Number of protein chains: 2
Amino acid sequence: MDFSQYFTVWNKLTTSQQALVNSSVVYRKEPKGTILHNGSADCAGLFLIKSGQLRAYILSEEGREITIYRLFDWDICLFSASCVLNSVQFEIIIEAEKEAEFWVIPPMVFKKLMDESAPMANYVNSIMGSRLSEVMWLMEQIMWKSLDKRLATFLLEEVAIEETNALKITHETIANHLGTHREVVTRMLRYFQSEGMVQLSRGMVTITSEEKLEALHED
Amino acid sequence: MDFSQYFTVWNKLTTSQQALVNSSVVYRKEPKGTILHNGSADCAGLFLIKSGQLRAYILSEEGREITIYRLFDWDICLFSASCVLNSVQFEIIIEAEKEAEFWVIPPMVFKKLMDESAPMANYVNSIMGSRLSEVMWLMEQIMWKSLDKRLATFLLEEVAIEETNALKITHETIANHLGTHREVVTRMLRYFQSEGMVQLSRGMVTITSEEKLEALHED
């Protein structure tokens, strides 16, 4: 399938803008674990995600992580072109959480399209609004929800993404998603196990009662 | 002074777009404490702030607050026109923290300008990027900084805004800015007092050592 299908503003660009994109777009395939963007020093361009899973996270000085949002097939990765967005002043890291295939529109082409085209600028606006909404959602979770509820929500998301109840994930990885310490996650998971919600084994968390997790998540 | 001075994209609009804004812009003056925008149900329009101080905050189901950002003279209030920004999906409340004078560009005029004009759409982009950067900054503070550091930072900001070391502010109000409970703020302020950083009296917090607060803030 052609990249223009993944670029929903395509039909609103002029012929010469389309030609410019066509002549500059680059296809990339990166293995799981690749860091695709590392803070404001990096500026690879706009990513149109064909397949895979990207994770955007921030890092504390002490090396703690928290996942801000994730991107999937058909999503657009905007902050990998953060140099074009002058007012965007934060350090975010984007990694391929699974093997990822995507097209890259180079920063200068992206900037030219934004400057010239109201539909393109509004397209970026719309993506920015979505990311801001995700960050605000996360802020509310962190401020008002206890960690047990956030852990329940995270496990249910993983079940939906992986399409299995048997999650291959370490306590350390879960802690990095939620912005907490491994020990805290281990303690909480053991409590979940004692309540019959999950079954723990080496490198695995198996969800045994989605209903009980749902109840906690919705509480 | 004319409102167009406060609308930095003005010179990039066409004559007919300028005429449209001219014929629809409304001047408002609201007393301290007025709720100017209350979640996604409201959509007053884009505010160009002539003078005053606005506070954007979120509210938990239990009535707890946390300040997300503040706006001052010359700032633009975007989320008071959130109905125009379809991808913006969060509930934010905006109140006049001090008496505020501002011009309002109605939502439908704002939408028409964005649809037609790349400079206008990029102007909105730039504001959105700034707000997102502020939210990300706050997220980092909440995740990685302890409350004593956040309280020190907040008091130093207040000193800068109010241009006095004698702050007329209650512990309850500080708690609502920081997203915590009054008791927690009171305990921390008493500790600050014992360390010679502040002097507490009824409805007042007087900063007695900016240096010590700075040291805590930068730590």
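**Entry 1: the contact between the chains.** I looked up who takes part, and found 39 residues from chain A and 39 residues from chain B in the contact, where contact means heavy atoms within 4.5 Å. I am working with a predicted model, in which local features need pLDDT of at least 70 and side-chain atom pairs count only at pLDDT 80 or more, while totals for chains, interfaces and linings use all residues. Residues are numbered from 1 along each chain as its sequence is written, chains are lettered from A and ligands numbered from 1 in the order in which they are written, and side-chain values use heavy atoms, with hydrogens and water left out.

Next I checked the buried area, that is, the accessible area (1.4 Å probe) that two parts lose on being put together, summed over both. Between chain A and chain B it is about 3200 Å², and carbon and sulfur atoms give 72% of that. Which three residues of chain A supply more of its buried area than any other three? I found Leu132(A), Met139(A) and Trp144(A), which supply 21% of what chain A buries against chain B.

**Entry 2: how the copies are related.** The same surface serves both copies, as 100% of the contact residues of chain A recur in chain B.

**Entry 3: H4 and H5 in chain A.** Helices here are DSSP runs (H or I, at least four residues), numbered from the N terminus. I found that the axes of H4(A) (residues 147-162) and H5(A) (residues 171-178) come within 11 Å and cross at roughly 110°. Axes are lines fitted to C-alpha atoms over the stretch in contact, and angles run from 0 to 180 degrees between N-to-C directions. That makes H4(A) roughly perpendicular to H5(A), a label for angles of 65 to 115 degrees. Leu147(A), Arg150(A), Leu151(A), Phe154(A) and Leu155(A) of H4(A) meet Ile174(A), His177(A) and Leu178(A) of H5(A).

**Entry 4: H4 and H6 in chain A.** I then turned to H6(A) (residues 182-194), which packs with H4(A) at an angle of about 80°, their axes 11 Å apart. H4(A) and H6(A) are therefore roughly perpendicular to each other. On the H4(A) side I listed Leu147(A), Asp148(A), Leu151(A), Ala152(A) and Leu155(A), and on the H6(A) side Val184(A), Met188(A), Leu189(A) and Phe192(A).

Terms used:
Helices (H or I, at least four residues) and strands (E, at least two) are DSSP runs, numbered from the N terminus. Angles under 35 degrees count as roughly parallel, over 145 as roughly antiparallel, 65 to 115 as roughly perpendicular and the rest as oblique.
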